[in-house]
Amino acid sequence: MCELYALPEGWQWKKLKDLCQLENGDRGKNYPSKSAFVDSGIAVISAKDLNGWSINLDKLNYINEERYNLVSGGKIKKMIFYSA
């Protein structure tokens with residue numbers, strides 16, 4: 001795995017696929033358009049947010065929980081956080 005920089009002691013590099021399960025995105029009628037975006041809420045991660053091996057968190061778009069529940073796919077299914 002390509003290491004971008006040294007990590008603090010006790011941390012280790014992980015691939016995104018080892019931390020969560022991703023599904024193919026839902027591009028149907030319920031896919032959030034610009035008009036559905038809100039200032040805060042549930043992050044919508046799209047190709048524009050990917051930067052090599054990382055996700056650029058600076059310019060994410062967000063949707064509210066109601067819109068999230070309408071989308072049938074493209075959701076992160078589990079998230080694992082590691083601590084030292």
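This passage walks through the fold, the surface and a few side-chain pairings of a predicted model. Residues are numbered from 1 along each chain as its sequence is written, and side-chain values use heavy atoms, with hydrogens and water left out. Because the model is predicted, local features need pLDDT of at least 70 and side-chain atom pairs count only at pLDDT 80 or more, while totals for chains, interfaces and linings use all residues.

The chain contains 2 helices and 4 strands, where helices (H or I, at least four residues) and strands (E, at least two) are DSSP runs numbered from the N terminus. Along the sequence, these elements follow the pattern α-β-β-β-β-α. Contacts, meaning heavy atoms within 4.5 Å, were also sorted by sequence separation. Among those between residues at least 6 apart in sequence, 58% join residues at least 24 apart.

Of the 84 residues, 14% count as buried; buried means under 20% relative accessible area, exposed over 50%, and partly exposed in between (1.4 Å probe, protein chains only).

D49 counts as buried because its relative accessible area is 2%. Leaving aside residues up to four places away in sequence, D49 touches V44, S54, I55, N56, K59 and L60.

Side chains of opposite charge can pair when their charged atoms come close. A search of the whole structure finds 1 salt bridge, defined as a side-chain nitrogen of Lys or Arg within 4 Å of a carboxyl oxygen of Asp or Glu. This salt bridge joins the side chains of K48 and D49, at 2.7 Å from N to O.

Aromatic rings complete the picture. The structure holds 1 aromatic pair. Rings of Phe, Tyr and Trp (its six-membered ring) pair if their centres lie within 6.5 Å; planes under 30 degrees apart count as stacked, over 60 as edge-to-face and the rest as tilted. The rings of Y5 and W13 have centres 5.2 Å apart and planes at 65°, so this pair is edge-to-face. Y5 counts as exposed, at 53% relative accessibility, whereas W13 counts as partly exposed, at 23%.
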